[in-house]
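User: I have a model open and want to go through a few spots in it. Can you take me through them?

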Amino acid sequence: MKKKISTLPFRGTAEQKQQLLEVIDKYKSDPSRLMTVMQEAQEIYGYLPVEVQQVIADGMHVPLEKVYGVATFYAQFALSPKGVYNVSVCLGTACYVKGAGDLFNKISEKLGIGADECTEDGKFSLTACRCIGACGLAPVMTINNDVYGRLTVDDVDGILAKYND
């Protein structure tokens, strides 16, 4: 599944940039630590927008294409921000055959976002995953650390309402 780049405007702070520059300064003499810098950058920002990738590339003296290549190759890196509530729908085989595709589509429609996108207010993000190891509860979705199983599309509105304070 191709990672989607966020269309939301980047909202990094001066404090975050300073933290990132300190991380880069610590590792800039060792280009083999690029992933370490990227991991720490993602901890600082929550994801790796192109603006952050450029700072990393410049600071580590590597091409932006290399940073982007690493970010898109490894599943641990996100190119889009996560919402306060990250909704993840399992699309593994057991969940998919029990209706997870319809579940995903209903959530996407309800939130007005697609895969790997975040609502404009930053409240919800939506991702698809391959398996969370709860096949007996198929279809399954998580919202942050909360797990919901044996779902139907009729359950979506009630579950999302719990997170709309």
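**Helix contact and local backbone**

Analyst: This is a predicted model. To start with the helices, Leu34, Met35 and Met38 of α2 meet Lys66, Val67, Val70 and Ala71 of α4.

User: At what angle do the axes of α2 and α4 cross?

Analyst: Roughly 70°, and the axes come within 11 Å. The range for roughly perpendicular is 65 to 115 degrees, so α2 and α4 are roughly perpendicular to each other.

User: Left-handed or right-handed?

Analyst: The crossing of α2 and α4 is right-handed.

User: Moving on to Leu48. Where is that?

Analyst: Leu48 sits in the loop between α2, residues 34-45, and α3, residues 50-60.

User: Is Leu48 buried or exposed?

Analyst: Buried. Its relative accessible area is 0%, and the cut-off for buried is under 20%.

User: What is Leu48 in contact with, leaving aside neighbours within four places in sequence?

Analyst: Leu48 is in contact with Met38, Ala41, Gln42, Gln53, Ile56, Ala71, Phe77, Ala78 and Leu79.

User: How far is Leu48 from Ala78, in sequence and in space?

Analyst: Leu48 and Ala78 are 30 residues apart in sequence, and their C-alpha atoms are 6.0 Å apart.

User: Backbone next. Which residues other than glycine have a positive phi?

Analyst: His61 is one, with phi near 55°. Arg150 is another, with phi near 50°. Most residues other than glycine have a negative phi.

User: Where are His61 and Arg150?

Analyst: His61 is in the loop between α3 and α4. Arg150 is in the loop between β5, residues 146-148, and α7, residues 156-161.

User: Buried or exposed?

Analyst: His61 is exposed, with a relative accessible area of 66%. Arg150 is exposed too, at 59%. The cut-off for exposed is over 50%.

User: Last topic, peptide bonds. Which residues does a cis bond join?

Analyst: Ala138 and Pro139, with omega at about -10°. Most peptide bonds are trans.

Note on methods. Residues are numbered from 1 along each chain as its sequence is written. This is a predicted model: local features need pLDDT of at least 70, side-chain atom pairs count only at pLDDT 80 or more; totals for chains, interfaces and linings use all residues. Side-chain values use heavy atoms; hydrogens and water are left out. Helices (H or I, at least four residues) and strands (E, at least two) are DSSP runs, numbered from the N terminus. Buried means under 20% relative accessible area, exposed over 50%, partly exposed in between (1.4 Å probe, protein chains only). Contact means heavy atoms within 4.5 Å. Axes are lines fitted to C-alpha atoms, for helices over the stretch in contact, and angles run from 0 to 180 degrees between N-to-C directions. Angles under 35 degrees count as roughly parallel, over 145 as roughly antiparallel, 65 to 115 as roughly perpendicular and the rest as oblique. A crossing is left-handed if the near helix is turned anticlockwise from the far one by less than a right angle, and right-handed if clockwise.
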